[in-house]
Amino acid sequence: MALDRDTIWQLRRAKSDIENIRAEIQKIKDNADYVAALIRCERSLSIVLSNAEKVKSIK
């Protein structure tokens with residue numbers, strides 16, 4: 001069973017978002033911006049975790 005296009009797109013988008021957030025965090029000097037970046041990262045990680053069962057089932 002392969003992953004559907006929507007799942008693949010979500011996972012790629014989440015990976016890209018996390019990479020972008022990691023780069024942003026390196027430049028952050030304000031605590032509010034840091035918290036906002038962590039919240040965005042949490043959302044992306046939630047997408048990855050919600051699709052974890054699909055990924056496991058195809059291996």
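1. Let's start with a term: a salt bridge is a side-chain nitrogen of Lys or Arg within 4 Å of a carboxyl oxygen of Asp or Glu. Please keep in mind that the model you are looking at is predicted. A search through the whole structure turns up 2 salt bridges, and both are worth a look.

2. Begin with E24 and R40, which form a salt bridge whose closest N and O atoms are 2.5 Å apart. This pair links distant parts of the chain: E24 sits in helix α1 and R40 in helix α2 (residues 31–50), 16 residues apart. How accessible are the two partners? E24 is partly exposed, at a relative accessible area of 36%, and R40 is partly exposed too, at 32%.

3. The other pair is R13 with D17, where the closest N and O atoms are 3.3 Å apart. Here both residues belong to helix α1 (residues 5–27), and they are 4 residues apart, about one turn of the helix. R13 is partly exposed, with a relative accessible area of 45%, and D17 is partly exposed at 24%.

4. Next, which residues of α2 are buried? They are A37, C41 and S44. Because they cover an arc of only 60° around the axis, they lie on the same side of α2. The buried residues of α2 pack against α1. On the other side of α2 you will find exposed residues: N31, A32, E42, R43, L49 and S50.

5. Look at the start of α2 as well. D30 caps the N-terminal end of this helix, with a side-chain oxygen 3.0 Å from the backbone nitrogen of A32.

6. Finally, visit N51, in the loop between α2 and α3 (52–58). Is N51 buried or exposed? Its relative accessible area is 3%, so N51 counts as buried, the cut-off being under 20%. The N51 side chain reaches the backbone oxygen of I47 at 2.9 Å. Setting aside neighbours within four places in sequence, N51 is in contact with T7, Q10 and L11.

Technical notes: Residues are numbered from 1 along each chain as its sequence is written. This is a predicted model: local features need pLDDT of at least 70, side-chain atom pairs count only at pLDDT 80 or more; totals for chains, interfaces and linings use all residues. Side-chain values use heavy atoms; hydrogens and water are left out. Helices (H or I, at least four residues) and strands (E, at least two) are DSSP runs, numbered from the N terminus. Buried means under 20% relative accessible area, exposed over 50%, partly exposed in between (1.4 Å probe, protein chains only). A polar contact is a pair of N or O atoms within 3.5 Å; within protein, one must be able to donate a hydrogen and the other to accept it, and residues adjacent in sequence count only if both atoms are side-chain atoms. Contact means heavy atoms within 4.5 Å. The arc is that of the directions from the helix axis to the C-beta atoms.
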